[in-house]
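Reader: I am new to this structure. Please take me through its pockets, and what lines them, in one close look.

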Amino acid sequence: RHNSMMVFLMVLIGSFMLASPFARVYDIAQKRKGNESKENEIAFWRDSNRVKKLRLGARSWSSFGSASVWGMKRRHTWFSIVLRPSGDHMNSQKRLATLLVLLLNSAVVCALLVDTEQRLPFLSSAISLALMACLLAFPVPFVFALLFDRKTPKSMRVRFENAAMGTWLGLIMIL
């Protein structure tokens, strides 16, 4: 049982070592195409602002579709390695490293909790174990992704008129 976990971790690290040069070549090819130019960076931040405005504006299927496609390209752990928007500061190698941390974190949490029994009041052992796994695994990839996060440049920031209403609308709906 423990050997299978070690094999899994070695395959995971080996896959990262094999995929990393491909991500580097992909990033270099994107740069040669001109997808990493200043104009594309400006277009990237404009698209980011456009999607923020869509989320705060009137709801429609087209705005939902546009925001979903942008979210998949920008934030999806697996898809964004290759489908990232041009001009994005987070390149494929950074995204691949974030994915590796996510997978290694999950593997370590599973290795820590294998053959253990968790007891929490009013919960069964299986649910307690799942809850502990979530509590241990949840913060690490997000903290790691924050290391690569970058705020919108001051010259590209946009103040939206309905921003206050959009942020409070979810809370009002819950109440």
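Author: First, a term: a contact means heavy atoms within 4.5 Å. Of the contacts in the protein with a separation of 6 or more, 64% join residues 24 or more positions apart. This is a predicted model, in which local features need pLDDT of at least 70, side-chain atom pairs count only at pLDDT 80 or more, and totals for chains, interfaces and linings use all residues. Residues are numbered from 1 along each chain as its sequence is written, and side-chain values use heavy atoms, with hydrogens and water left out.

Start with the whole. The protein has eight helices and zero strands. Helices here are DSSP runs (H or I, at least four residues), strands are E runs of at least two, and both are numbered from the N terminus. Along the sequence the pattern reads α-α-α-α-α-α-α-α. Of the 175 residues in the protein, 24% are buried. Buried means under 20% relative accessible area, exposed means over 50%, and partly exposed lies in between (1.4 Å probe, protein chains only).

Now the pockets. Rolling a probe the size of a water molecule over the atoms shows where empty space is left. A pocket is an open set of points on a 1 Å grid over the protein atoms alone, where a 1.4 Å probe fits, with protein on both sides within 12 Å along at least five of seven lines; lining residues have an atom within 4 Å of a point. A volume is the space filled by probe spheres set on the points, which are joined across faces, edges and corners.

The largest pocket holds about 410 Å³ of space. It has 16 lining residues, and Arg75, Thr77, Thr98, Phe142 and Ala145 lie nearest its centre. Two or more lining residues come from each of α3 (61–75), α5 (92–113) and α7 (139–148). The largest share is that of α7, with five residues. By class, this lining has seven nonpolar, five polar and four charged residues. Nonpolar covers Ala, Val, Leu, Ile, Met, Phe, Trp, Tyr, Cys and Pro; charged covers Asp, Glu, Lys and Arg; the others, Gly among them, are polar.

The second largest pocket has a volume of about 360 Å³. Its lining has 15 residues, with Ser48, Lys52, Arg55, Arg74 and Arg75 closest to its centre. Here α2 (38–56) and α3 each give two or more residues. The most come from α2, which gives six. This lining counts five nonpolar, three polar and seven charged residues.

Arg74 counts as buried because its relative accessibility is 8%. Leaving out residues up to four places away in sequence, Arg74 touches Phe44, Ser80, Pro85, Asp88, His89 and Arg95.

Next, α5. This helix has 22 residues and reaches 32 Å from its first C-alpha to its last, close to the 32 Å expected at 1.5 Å a residue. The expected span is 1.5 Å times one less than the number of residues. Its buried residues include Arg95 and Thr98. Asn91 caps the N-terminal end of α5, with a side-chain oxygen 3.3 Å from the backbone nitrogen of Gln93. After α5 comes Asp115, whose phi is positive, near 60°.

Last, the loop between α4 (80–83) and α5, where Gly87 sits. Gly87 is buried, because its relative accessible area is 7%. Gly87 and Lys31 are 56 residues apart along the chain, and their C-alpha atoms are separated by 9.4 Å.

Definitions and conventions. Polar contact = N/O pair within 3.5 Å; in protein donor to acceptor, adjacent residues only side chain to side chain.
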